[in-house]
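Biologist: I am new to this structure and would like to go through it slowly. Could you show it first and then take my questions in turn?

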Amino acid sequence: MYIIEKSLKLSENVYEIWVNAPHVTRNAKAGQFVIIRTDEKGERIPLTISCISGDLVRIIFMAVGKTTHALAAIPAGGSISDIAGPLGTPSEIKQYGTCVLVGGGVGIASTPVIAKALKEAGNRVIGILGARNANFLILEDEMAEICDELLIATDDGSKGHHGFAADLLKKKIDEEQVNAVWIIGPTIMMKVTSNATRDKGIKTFVSLNPIMVDGTGMCGSCRCVVGGKTKFACVDGPEFDAHEVDFDNLMQRQRYYMEHEKEALSTWQEHQCTCGRHE
Amino acid sequence: MGDRSVSDRLKDFEEVDMGLSQEEAIEEASRCLQCKKPGCVDGCPVNIDIPAFIALIANGDFIGAASSIREQNLLPAICGRVCPQETQCEELCILGKKETPIRIGQLERFAADQERNKGLTVPARKPKTGKRVAVIGSGPAGIVAAGELAKDGHDVVLFESLHTPGGVLTYGIPSFRLPKDVVKAEIDLILAMGVDLKLNHLVGRTVSPDELEGFDAVLLGTGAGLPYFMGIPGENLSGVYSANEFLTRVNLMHAERFPEYDTPIARLSRVVVVGGGNVAMDAARTARRMGAKVTLVYRRREEDLPARAAEVHHAKEEGVEIFTCANPVKILGEQSVTGIECIRMKMCQLDNGGRPVPEPVEGDTFTLDCDIVILAIGQGPNPVLVSQIKGVEKGRAGNVVTGEDGRTSHPKIFAAGDVTTGAATVILAMGGAKQAARSITAMFGN
Ligand SMILES: Cc1cc2nc3c(=O)[nH]c(=O)nc-3n(C[C@H](O)[C@H](O)[C@H](O)COP(=O)(O)OP(=O)(O)OC[C@H]3O[C@@H](n4cnc5c(N)ncnc54)[C@H](O)[C@@H]3O)c2cc1C
Ligand SMILES: Cc1cc2nc3c(=O)[nH]c(=O)nc-3n(C[C@H](O)[C@H](O)[C@H](O)COP(=O)(O)OP(=O)(O)OC[C@H]3O[C@@H](n4cnc5c(N)ncnc54)[C@H](O)[C@@H]3O)c2cc1C
Ligand code: SF4
Ligand code: SF4
Ligand code: FES
Ligand SMILES: [Mg+2]
């Protein structure tokens, strides 16, 4: 049992929790994730480590289906049955020069840890945050504090640039020398945005989010095609060279359980207060 | 008592083999000749005193029989069920030369089940030695090593990356062959000796190799859990599972009970399983229980199937169709799987192991329609930790090289089980673990 010390709502459907898990915090590095299981009948889902403070791990997640809704419903002081980690290969942190971190939607959650690590390694760090509208923008202050420069884009123009984060990235790499780029967000956004750096040959990382089970390299559920080779995202990744990733295969595999996911969510919503699993 | 009827057992995941009744056990035990030089004992990798425990069963002292087995084997209810007895103890039973060998595995299971029903007692520990040992992985190797080391009085920390201990016993072997309450009872008994089990700890990530240096000795029991893929077109389509993933979703996560349990699994209608070992049979029989029509494709002949004969028999009884001398070349489908293209294989000269080398017959292909493909073509040592540990010699397959005594080339690191041998058996993992535990205690000078 692991206690959720804090739980808050950041925006419509986006939540922040702090889980007491000293075994995870001890060795966690930028770009790694955890796998949680809410309860004895729960599934194992991966979530990025978005901040570490003492024994607490911060996780920021969007409630999209059964497990994330159930997680959001656990009040501070409540608990989850399992949290394993840190998992995955850490981000490749070194002195690149100028780095741009592009976060889209809830993918922004992954950016502060990486930004901080890049900063500490002596890089100039530029953050670009993209969201549907100003209400969905998360971690703006935190990123502003870490980054040398922070740019914002919203789809509806309610804040910052009216348009996509990709537009700002294109502009930035035209304006100045950029040595490395991270793009983290919905798969389609990572696919499209990474095209901006392809021609210029700028080193670009994306953090892939295939469906996982164990997260320890023993099932192959998370396999992705990178540079024509099959890789296990949970151990070889989740970060890979954006220009080598087969995004279409990833998107196709992510959709495989859509019908189950709808059923799981509606069953949970119907039974939420009577099934005995959720007081 | 024999096997449950096929129609009954396809409805659930309960154990197929119902074991022996007391009368049957006594009768079977009474057949034993109590050989002075028992061949059976030589066939058992942990050298259980087989005639001794069988004599106790014949006399009706079932608990005594179980205690006798426990001197050599900490997981008797498990081994009695899953050991390949027909090629070990039973193969060397003298009675096998003329008639049928003593059903040693069944008798071992019987004694262990009787003992469990009465309630197990925690084995005694020697006085504390103050030495700390890290055991990594809680499969049969890790569990047994932890138990032996705890008995010797050391402080044992057992690290497991998953949320439940047991390794393949928990996530791989289906409950219809090895009920999970049996696994749990035997593991709990070992943990009750004071082993500090740390779940959700992936060593190599949660705990760094440097931190392991803080222990007086380290035992690697991380298994061979890395699933192999074939490298054929279509392999990354949705609907292609490794046997590990498929079995883990069911055995560990209970996807067969979705949506009561949250983990999904494809709704199966037509399944092709590729492979011919125990893992392939387990996947095929699991898929049958989930209502699918199942075809197993194996590249050699039926007599070459590496799975235990009993498992092949059970699979066939349960309606698994076995297609031999064929190998997949391509998995078909746009979004998800719609079929699998196979090529016929002809058998050529024998290899070193006496099995024929299969070679494709150019141009002779055929297609099986299916919506799920399960690949059960083998597993290798899990590289996450092993690849990070320095000073330990590794073999070609990424396995850890050890001597008979479980020592690696690093003075403080020992290893046992599938991580040393590649995918093997429960009893070999246990045997290796006992040996390695003994070497650790010897190193401490106790
Ligand atoms: C390395 C990694 C890090 C992630 N970090 C975050 C994060 O920080 N914040 C966040 O909001 N989300 C993150 N995700 C995605 C998150 O795991 C899914 O949103 C979550 O599993 C959905 O579960 P659900 O039951 O609520 O929704 P469901 O309705 O079951 O699924 C919704 C969608 O989530 C994906 N998904 C479902 N099950 C899994 C699974 N077991 N593993 C991976 N993806 C799955 C599928 O694409 C699915 O269509 C991450 C994923 C990965 C692989
Ligand atoms: C489906 C299937 C059916 C089988 N049927 C039979 C049978 O009938 N009879 C038989 O004798 N054998 C059978 N086997 C083989 C047998 O199960 C294995 O030989 C045996 O389990 C090996 O034991 P082990 O302890 O070495 O490894 P495993 O059982 O694989 O256990 C390794 C454990 O280590 C954990 N681990 C790995 N890396 C780390 C890490 N870095 N940190 C922490 N934990 C880690 C894993 O999660 C796992 O729990 C079968 C195997 C499979 C897959
Ligand atoms: S442990 Fe295995 S080989 Fe040894 S006696 Fe029991 S069944 Fe036979
Ligand atoms: S070899 Fe057979 S008959 Fe002889 S002691 Fe062993 S089990 Fe009994
Ligand atoms: S999630 Fe199982 S191997 Fe990556
Ligand atoms: Mg889900």
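**A cysteine in a loop**

Modeller: Let us start with Cys222(A), whose place is in the loop between strand 14 (203-207) and strand 15 (223-226) of chain A; strands (E, at least two residues) and helices (H or I, at least four) are DSSP runs, numbered from the N terminus. This is a predicted model, in which local features need pLDDT of at least 70 and side-chain atom pairs count only at pLDDT 80 or more, while totals for chains, interfaces and linings use all residues. Residues are numbered from 1 along each chain as its sequence is written, chains are lettered from A and ligands numbered from 1 in the order in which they are written, and side-chain values use heavy atoms, with hydrogens and water left out.

Biologist: Does Cys222(A) count as buried or exposed?

Modeller: Buried means under 20% relative accessible area, exposed over 50%, and partly exposed in between, with a 1.4 Å probe and protein chains only. The relative accessibility of Cys222(A) is 2%, and therefore Cys222(A) counts as buried.

Biologist: Which residues is Cys222(A) in contact with, leaving aside its neighbours within four places in sequence?

Modeller: Contact means heavy atoms within 4.5 Å. With those neighbours left aside, the partners of Cys222(A) are Pro210(A), Ile211(A), Met212(A), Lys231(A), Phe232(A), Ala233(A) and Cys234(A).

Biologist: Where does UniProt place the feature "binding site"?

Modeller: The record is an unreviewed entry, and UniProt positions are given in the numbering used here, with feature names shortened and annotations that may be inferred rather than shown by experiment. The entry places this feature at Cys219(A), Cys222(A) and Cys234(A). Although these are spread over 16 residues of sequence, they cluster in space, the largest C-alpha distance being 10.0 Å.

Biologist: In which helix does Cys234(A) lie?

Modeller: Cys234(A) counts as buried because its relative accessibility is 2%. Not counting residues up to four places away in sequence, Cys234(A) touches several residues, among them Phe33(A), Leu87(A), Met212(A) and Cys222(A). The element that holds Cys234(A) is helix 7 (residues 233-236) of chain A.

Biologist: Where is Leu139(A) found, and what is its phi?

Modeller: Leu139(A) is in the loop between strand 10 (124-131) and helix 4 (140-146) of chain A, and it counts as buried because its relative accessibility is 11%. Its phi is positive in a residue other than glycine, with a value near 60°.

Biologist: What radius of gyration does chain A have, and why does it agree with a compact globule?

Modeller: The radius of gyration is taken over C-alpha atoms, and the globule rule is 2.2 Å times the number of residues to the power 0.38. For 279 residues a compact globule would have a radius near 19 Å, so chain A agrees with its 18 Å.

Biologist: How many residues of helix 5 of chain B are buried?

Modeller: What covers the buried residues of this helix includes helix 2 (22-30), helix 4 (50-58), helix 6 (76-82), helix 7 (104-118) and helix 10 (180-191) of chain B. The buried residues include Phe62(B), Ile69(B) and Arg70(B). Helix 5 (residues 62-70) is mostly covered, and the buried count is 7 of its 9 residues.
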